[in-house]
Amino acid sequence: MRSILVVLMGVLILAFFWGCKSGTKIKPAIEPSQEEVKAAEEPVTPPVKEPEVQKEEKPAEIKLEPIYFDFDRYFIREDAKKSLNQNAKILKDNPQVKIRIEGNCDERGTAEYNLALGEKRAKAAWDYLVNLGIDSARITVISYGKEKPLYPGHNEDAWSKNRRDDFMIVSK
Amino acid sequence: MIKLKASIVIHLLTIAFISFEIASSQTEIYVKMPVGGAEPLDIAVTGFTPKKKGFSIEEQRLSTEIPQIIRKDLEFSLMFYVAEIDSFALSIVGNNPLNLDGWYKLGIQMVLTGELELSGDEIKSEVSLYEVLRGKKIYSKTYKTSLDNFRGLAHTISDDLVLELTGDKGIFNTKIAFISTGNGNKEIYVSDYDGFNMNRITDDRSINLSPRWSPIAKKIIYTSYKKGNPDLWIKDLQAGTNQILSSQAGLNSAPAWSSEGKNIGLTLSKDGNPEIYLIDQSGKIVRRLTNSPGIESSPSFSPNGNEIVFTSDRTGSPQLYIMDVQGTNVRRLTYDLNYCDSPTWSPKGDKIAFVVRTPSGFDVYTIDVTGENLRRLTYGYNNENPSWSPDGYHLVFSSNRTGKYQIYTMNWDGSDQKAVISGGESYNPSWSPRF
């Protein structure tokens, strides 16, 4: 069981790197990398020893937490501040890393308004990180509105997870 | 391959293939639009008869199908009661479509008859319209078109009939553009107003949204992530070209053509906040129209071109506002509704259709531009993206009432809601102008 987990983690970490490298291209409608980011959060920072991964270049620990929003809102919640402070610390520790903040919305509401809402959500996180001293030139923002829901459900559980900013590493 | 597809699309969108000659015509107004109390006109559309002796099997099919399409068109227009030609009607009228006495007994005011002939790939049809009471031929016209355009032929006959009787051309050759996920991506499709002849017109393999027909040309603007950023693109259906119109950093979204088809209003976030701008057809910014810390989006122009209705969350939730095209004289239009968006100004100028968040989902409403006469048109599930027919008597919208998003039409008062596009997930419809 434990070895299966180890292999699984390896696959996830590889997938995470792949996701980061492919950060600049258009992604498919269902975007897998965020799940991987979340999954990779669970084991604490020193990652599982996986010889194949370690042969490659190894900026392994860089993983940024998503943040979540209330319905039709774009203010930064208290729980999101904790994640953003953590993300800011990682960005300060890795000054070469550039990121793209992707704003997302749940499926409710119009496509057009949700595009603007996603933009405001991404911009709110941008403001927060820049206020904490992160160079604004390291961060771009994009809104996907409700066009790329990560969770396909039609209930509050899926909606609450889809109202989200993702922090994608675009170069390191 | 892509070129080939484009040429097919152009072919299907070109209605100029129908040539016609007018034998007799006059401009007397027989029927007014029903809104405002005018009574619909009772009309019978008879089956078409052979021009020469006897019908081939194909001619037989067309002689039934073309009148049937015309009947559907006329019913849709709200200007007619279309007689059902059932066994009772036939028992009175008999086999002679010109038995005007018989039609009179049935309460019919107008009769449309037609002759039809298929030679090779060409349909030739002569239709005549009679006024029953006076026993008078109002007009007759001869049409020619290719066999595969028989629906277009029927729609053109309906258009001409409505023009003849009301002074305004019908809307039966209009199209609906919408987003569908048929090939796994969000591509733009175009169909006839009644859902037939559906074609995919983009192959962007990306996320496309908010298609909007030019009010004067076969051009569609839309937002696409084709190059990564949500840019504004323009697809010229006649030329078969597709190019970027606005690619400012951030959003280039929620576009709307100005009423004369010259400029475009849209949301740009290049200065850090979603604001409404006016751009010209080269993508150059004419002026910025809004300035608030919140979200400003979804402009739609009044038909006289003087004003713009738009969405703003400046009071904490999205509400509708009206401003003039300079961005000044802003007034709030909606109150007591908790989420409003997708405003679209009626071509008649008096109403705005929009979407409201309700306890059961999202619903289409209309409101007078004065802020009075709020009217709810849909109930239950999500009903979104209303777009007016060019005559202002119908709306196309998307709804997930069957579990999947599909395209529906309804009358201006919410009556007669029916799916016109089903299959796949389809939404974001936009009704074309008359071509």
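This is a predicted model: local features need pLDDT of at least 70, side-chain atom pairs count only at pLDDT 80 or more; totals for chains, interfaces and linings use all residues.

Let's begin with chain A, where the order of elements from the N terminus is α-α-α-β-α-β-α-β-α-β. That gives chain A six helices and four strands. Of its 172 residues, 37% count as buried. If you take the contacts in chain A between residues at least 6 apart in sequence, 74% of them link residues at least 24 apart.

Chain A also meets chain B: 16 residues of chain A are in contact with 29 residues of chain B. On the chain A side, helix 5 (111–131) and strand 3 (139–145) each supply at least two residues. Helix 5 of chain A gives the largest share, with nine residues. Sorted by class, this side of chain A has seven nonpolar, three polar and six charged residues.

Now cross over to chain B for the close look, at a pair of helices. Helix 2 (residues 57–76) and helix 5 (residues 150–166) of chain B pack at about 45°, and their axes are 9 Å apart. Because of that angle, helix 2 of chain B counts as oblique to helix 5 of chain B. The crossing of these two chain B helices is right-handed. To find the contact on your screen, pick out residues of helix 2 of chain B including B:Leu62, B:Ile66, B:Ile69 and B:Asp73. Across from helix 2, the residues that helix 5 of chain B brings include B:Phe150, B:Arg151, B:Leu153 and B:Ile157. The residues of this contact divide into nine nonpolar, two polar and three charged.

While you are in chain B, have a look at its open sheet of four strands, in the order 11-12-13-14 with antiparallel pairing. Strand 11 (208–213) and strand 14 (241–246) of chain B each have a single partner strand, so each has one side without a neighbour in the sheet. From one strand to the next, the twist averages 25°. Strand 11 of chain B joins strand 12 (residues 219–224) of chain B through four bridges. One pair to click on is B:Arg212 with its bridge partner B:Ile221 in strand 12 of chain B.

Note on methods: Residues are numbered from 1 along each chain as its sequence is written. Chains are lettered from A and ligands numbered from 1 in the order in which they are written. Two residues are in contact if their C-beta atoms, placed from the backbone, lie within 7 Å. Ala, Val, Leu, Ile, Met, Phe, Trp, Tyr, Cys and Pro count as nonpolar, Asp, Glu, Lys and Arg as charged, and the others, Gly among them, as polar. Two strands pair if DSSP finds at least two bridges between them. Axes are lines fitted to C-alpha atoms, for helices over the stretch in contact, and angles run from 0 to 180 degrees between N-to-C directions. A residue is buried if 20 or more other C-beta atoms lie within 10 Å of its own, exposed if 12 or fewer, and partly exposed in between; C-beta atoms are placed from the backbone. Angles under 35 degrees count as roughly parallel, over 145 as roughly antiparallel, 65 to 115 as roughly perpendicular and the rest as oblique. A crossing is left-handed if the near helix is turned anticlockwise from the far one by less than a right angle, and right-handed if clockwise.
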